[in-house]
Amino acid sequence: MAEYTFREVIAQAMSEEMRKDESIFLMGEEVAEYNGAYKASKGMLDEFGPKRVIDTPIAELGFTGIAVGAAMNGNRPIVEYMTFNFSLVGIDQIINNAAKIRQMSGGQWNCPIVFRGPTASAGQLGATHSQAFENWFANIPGLKVVVPSNPYDAKGLLKTAIQDNDPVIFMESEQMYGDKMEIPEEEYYLPIGKADIKREGTDVTLVSFGKIMKLAIQAAEDMAKEGISVEVIDLRTVRPLDFDTVLASVKKTNRLVILEEAWPFASVSSEITYMVQQKAFDYLDAPIKRITTPDAPAPYSAALFAEWFPKLEKVKEEIKKAMYVK
């Protein structure tokens, strides 16, 4: 075991797969000469050359379309967006082409692409650079959506995503690229669509994903000091979503709190809430609680942003409400 940062394991995962398969290539803004906007492709241009690590113009619609065409012709592109906010420029290619071509061609073409880059907020970046689109992409049949919370999960899930024959949305965070973790030296893969129980518990289930998992784990640790045992589930992927793991936990704890860095309307937490009340209603001893960002764009002001972003105290408060504890 050796310790690596999140950005390092992203580069490792891509490089390991590219060494095995010459049809895999990386393209995006500043991925080559600059080693990536967040240095998540450091050293890859030197190893694989400019035909497989390709700097693109600031033209997401164009290079997303190129990737779709390349995938339909036998390649396996990895597309890096400097932020998923910029993917909106190319979203027509993602939704109307990448996600649809297998079904519309009657299975004659598949579209093995990984679209990756940071999602959600990263401090004072303003409203147009602080948006969480996991639920948007998860709403689309034909796409898989992966949102890892730590370097170990990120490496195993990205390697699996690169080998997947369908388009995968792989969402990271600027605020996780420096996170460090011990990573096995031997090769490993993690399955898409399987949640992970990060902490066992008996009193209440807390579900989350992505960088805000740190808040979930901290809340569980704090609650343990007050005698409340919180089971923490990291979804890891939001499409397909591992409802079975969530339902099994709720049937054990009889309470559910969902933490998500997204707007509340039609969110991932909304879907989980519906599925749990549909399939485990009789097991619930309290209403389902959810914590999201307010239904408003992210503010730029540091003081306002601190109010907008979900707080640790709010998570603990909702856990106590689910337990009927003041």
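This is a predicted model: local features need pLDDT of at least 70, side-chain atom pairs count only at pLDDT 80 or more; totals for chains, interfaces and linings use all residues.
**Stop 1: the largest pocket.** Select Asn135, Ala138, Asn139, Val268 and Glu271, the residues nearest the centre of the largest pocket, which has 13 lining residues. The space in there comes to about 270 Å³. Now colour α6 (134–138), β12 (237–239) and α10 (268–280), the elements that each give two or more residues to this lining. α10 gives the most, with three. Colour by class and the lining of the largest pocket splits into seven nonpolar, four polar and two charged residues. Switch to domain colours: domain 1 (2–183) and domain 2 (196–323) each supply at least three of the lining residues.

**Stop 2: the largest cavity.** Next, pick Glu134, Phe209, Gly210, Lys211 and Glu261, which lie nearest the centre of the largest cavity. Its volume is about 110 Å³, and 16 residues line it. Eight of those are nonpolar, three polar and five charged.

**Stop 3: a helix pair.** Finally, select α1 (residues 6–20) and α7 (residues 151–163), whose axes sit 9 Å apart at an angle of about 30°. Angles under 35 degrees count as roughly parallel, and α1 and α7 are therefore roughly parallel to each other. The crossing of α1 past α7 is right-handed.

Technical notes. Residues are numbered from 1 along each chain as its sequence is written. Side-chain values use heavy atoms; hydrogens and water are left out. On a 1 Å grid over the protein atoms alone, a cavity is a set of points where a 1.4 Å probe fits but cannot get out, and a pocket is an open set with protein on both sides within 12 Å along at least five of seven lines; lining residues have an atom within 4 Å of a point. Grid points are joined across faces, edges and corners, and a volume is the space filled by probe spheres set on the points. Helices (H or I, at least four residues) and strands (E, at least two) are DSSP runs, numbered from the N terminus. Ala, Val, Leu, Ile, Met, Phe, Trp, Tyr, Cys and Pro count as nonpolar, Asp, Glu, Lys and Arg as charged, and the others, Gly among them, as polar. Domain bounds come from an automatic or database domain assignment. Axes are lines fitted to C-alpha atoms, for helices over the stretch in contact, and angles run from 0 to 180 degrees between N-to-C directions. Angles under 35 degrees count as roughly parallel, over 145 as roughly antiparallel, 65 to 115 as roughly perpendicular and the rest as oblique. A crossing is left-handed if the near helix is turned anticlockwise from the far one by less than a right angle, and right-handed if clockwise.
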